[in-house]
Amino acid sequence: MPVTTNYIDELNESQRKAVMAEDGPSLVIAGAGSGKTRVLTCRIKYLIMEKNVEARNILALTFTNKAAKEIVDRVFKEIGKPWFGDIWMGTFHSVFLRILRSEHRIIGFSNNFTIYDSSDSKSLIKSILKELELDVRIYKPNLVLSRISNAKNHLISPEAYAASGERLKYDLKCKVPRISDIYKMYNIRCKQSDVMDFDDILVYTYVLFNDYPKVCKKYSEKFRYIFVDEYQDTNEVQSKILKLLVKEPYNLCVVGDDAQSIYSFRGATIENILNFTKIYPTAKLFKLEQNYRSTQVIVKAANSLIDKNRAQIKKEVFSENEEGERIQVSCAYSDVEEGEIVVNKIAELHRTEKLSYADFAILYRTNAQSRIFEEALRKRSLPYRIYGGLSFYQRKEIKDVIAYFRLVTNPDDEEAFKRIINYPARGIGDTTVSKIVKAAVASQVSLWSVICEPEVYGLAVNKGTLAKLNAFRMMIMGFKERLFTEDAFVLGQDIIRQSGIISDIYADKSPENLSRQENIEELVNGVHDFCATRQEEGDERVFLMDFLSEVSLLSDQDMDNSDSEEKVTLMTVHSAKGLEFNTVFVVGLEEDLFPGASAKNSFTELEEERRLFYVAITRAEKHCFLSFARSRFRYGHVEFGNPSCFIRDIDSRYLSLPAGMRPDLDSRNNGWSKQMGDARMEPRLFERPKVNIIRPTVPPSLKKVSTISSSKTVQTGISSGGGVCAGQKIEHERFGLGIIESVEGTGENCKATVRFTNAGVKQLLLKYARFKVIE
DNA sequence: CCGATACGCATTTTT
DNA sequence: TGCGTATCGG
């Protein structure tokens, strides 16, 4: 047993106070780079090791899968397997989805309900608009969706919406008075389709806990200690769910930074963190103010910036690191030149300071800005990686396959139905689908019900179409029968093959189709890995629904990018939250771009943009560069703009400004008097650049996968039970190199805890694990 | 039912 | 400019 106080000693004063706090609510305000995850994981460890709290009484909630994974790994590492037990850790959505699945009956859903992603929601909105004969140019689907989402985030039911004078008035003012009706229909359709959208996962959890106190009590008693990461990003429902769930003495520990709240456009409300002590009057407040990440100059500059915001909790973030150099501001003639300046600087620092390419990040406000930098980097043959853009799961071919999986799991799923009813083409066109929808709406049933009993619901189509519909139905039914008798991988692969997707995509060999093939193969691999992992962890049977549940809450950021090559990172400021880089370039600092144009009218929006800028700057450890361009190619033509007001929000003591922008020298002009900088083009290299647009590692061929599947029970390494012991070095088929930490159980149930170099700590059920012992 | 062409419109996006 | 959608013609 380790000396229990060690890890406590390594904390600073305020961290320690937060970690060792008595029972009761606590709010930890954690400045950027102040070690908030550390406090979170240490407190969990402290409770378990010193306070004899049982792991199964702990719940830790995050916003991203990535954050969840990090906390799981770190806690696991800290306390080891025996103590880890079954702590519930995960995103709000995944944890609540798990609860909703086991309580599905109570809230009126089937066991197999599926999840709509935002594009499904949008698509449903569109069909409702069509049915109501509303003009999509006035009722912009995105607007409608955000109003509905906003209502849900505030727990306004369709009925409450219809009765809310305030909301109706606002809609009327915006000339979209029928939002209320759309909302109502949207909800009905989701219910009929046995689906939930992302917001519903939270709303129904609230309803479950609020309307069924007995159920709530069950979970309250289970989760005696609740942790929330990034609390500044919670919305109203989330905070209310917590309120229901947390009972005396309110062991709710939330960690966050109000200065980093950048998701209000998604319903996050900064009031949650600002009012925490009002909701929980006994709450203790802890402030982590020492920044371990950045130089003093960077921290001070960031402080001076965020100081311009009104709504915030007072804190004094400081750094004891080296002072560091001033933040250099560059002015470029054009967006292209801005790219060159940045890339030149990267090349220079790479050379002079021996920095790895992975030490650099270029952060921009909008994804559209990435291209310029991409081109500049490509010209210089520097390796880079762009995050964002269309994610793996948003690709058409992937969505098609997932739609099949969804429909097989839940035939009532309307969006999945509509997506694949005629893909691959089987002669069921829009007119037929419209008739089905009409009949379904008229009888308040799902589309699937209509094609099951066409005559009952008065579906008027000709015989040929009826036959085609029937064939489709039989195919789906055929798959459905195997839902719980077959493995997700086997069934999934059969669906892809027998549905005709394979023949459709493999029919022609155009380059874009080739990449589709690769993507499908990648997905098949994903299913395979998923099954294998779950089996190794001890799940006997892994069904398609399990895969779906996981995958519908997954984003591309969660795919393991173990691609070890060193690359410059290009991403939006939003996606950079939580990350850190030695050197950061914040680019495009122009009015109407950063801050964006719409921030002009609203004070709160401007403050949010400022926080966003704060997040950007505080990603930097050593160097931070700011830049803007005088002219920029936007929407097809060149536009001129002014430097961002945010540059002037930073105390100029911490900046090194280009000539013409220095407040003491020339305050009349806007920074346009002179060109700044010595952006000289270096000789171009015409080598093939190392491009990598976040497509996951090269997928093995489908053929290879099939081979693996057929040899499912064959072990590469040792047979179950004997042969392994702690300390051995192994190589796992997917996780790579690792060291066995412990082995327990015998025979069938023999499990090993393995620490992998690149994949973290895993528990493997030897019966399934495929690896070989190296030494 | 699918392809071609025309129009209009553009943030950020953990789940 | 470039994508996604709407509409029309084969």
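The legends below describe close-up views of a predicted model.

In this predicted model, local features need pLDDT of at least 70 and side-chain atom pairs count only at pLDDT 80 or more, while totals for chains, interfaces and linings use all residues. Residues are numbered from 1 along each chain as its sequence is written, and chains are lettered from A and ligands numbered from 1 in the order in which they are written.

**View 1. Chain A as a whole.**
Chain A has 31 helices and 23 strands. Helices (H or I, at least four residues) and strands (E, at least two) are DSSP runs, numbered from the N terminus. Of the 775 residues in chain A, 42% are buried. A residue is buried if 20 or more other C-beta atoms lie within 10 Å of its own, exposed if 12 or fewer, and partly exposed in between, with C-beta atoms placed from the backbone. Among contacts in chain A between residues at least 6 apart in sequence, 76% join residues at least 24 apart. Two residues are in contact if their C-beta atoms, placed from the backbone, lie within 7 Å.

**View 2. The surface near DNA strand B.**
DNA strand B is surrounded by 39 residues, and the closest are Phe 63, His 93, Tyr 263, Gly 429 and Ser 555. A residue is near a molecule or strand if its C-beta atom, placed from the backbone, lies within 6 Å of it. By class, this surface has eleven nonpolar, 22 polar and six charged residues. Ala, Val, Leu, Ile, Met, Phe, Trp, Tyr, Cys and Pro count as nonpolar, Asp, Glu, Lys and Arg as charged, and the others, Gly among them, as polar. At least two residues of the surface come from each of helix 5 (92-102), helix 21 (430-443) and helix 28 (573-576). Helix 21 gives the largest share, three residues.

**View 3. Helix 5 and its cover.**
Helix 5 is one of the helices that supply at least two residues of the surface near DNA strand B. Its buried residues are Phe 92, His 93, Ser 94, Val 95, Phe 96, Leu 97 and Leu 100. The elements that cover these residues include strand 2 (58-62), strand 3 (88-91), helix 11 (198-211), helix 13 and helix 27 (544-551).

**View 4. Helix 10 against helix 7.**
Two packed helices are described by the angle between their axes and the distance between the axes. Helix 7 (residues 141-153) packs on helix 10 (residues 179-192) at an angle of about 70°, with the axes 10 Å apart. Axes are lines fitted to C-alpha atoms, for helices over the stretch in contact, and angles run from 0 to 180 degrees between N-to-C directions. Helix 7 and helix 10 are therefore roughly perpendicular to each other. Angles under 35 degrees count as roughly parallel, over 145 as roughly antiparallel, 65 to 115 as roughly perpendicular and the rest as oblique.

**View 5. Helix 10 against helix 6.**
Helix 6 (residues 118-131) and helix 10 pack at about 120°, with their axes 10 Å apart. These two helices are therefore oblique to each other. The crossing of helix 6 and helix 10 is right-handed. A crossing is left-handed if the near helix is turned anticlockwise from the far one by less than a right angle, and right-handed if clockwise. Leu 124, Ile 125 and Ile 128 of helix 6 meet Ile 182, Met 185, Tyr 186 and Arg 189 of helix 10. The contact of helix 6 with helix 10 has six nonpolar residues, no polar ones and one charged.

**View 6. Helix 19 against helix 27.**
The axes of helix 19 (residues 396-409) and helix 27 come within 10 Å and cross at roughly 125°. Helix 19 and helix 27 are therefore oblique to each other. Their crossing is left-handed. Helix 19 brings Ile 402, Phe 405, Arg 406, Val 408 and Thr 409 to the contact, and helix 27 brings Leu 544, Met 545, Leu 548 and Val 551. Seven of these residues are nonpolar, one is polar and one is charged.

**View 7. Two cis peptide bonds.**
Glu 248 and Pro 249 are joined by a cis peptide bond, with omega about 0°. Pro 249 is in the loop between helix 13 (236-245) and strand 7 (252-256). The peptide bond from Tyr 423 to Pro 424 is also cis, with omega near -10°. Pro 424 lies in the loop between helix 20 (414-420) and helix 21.
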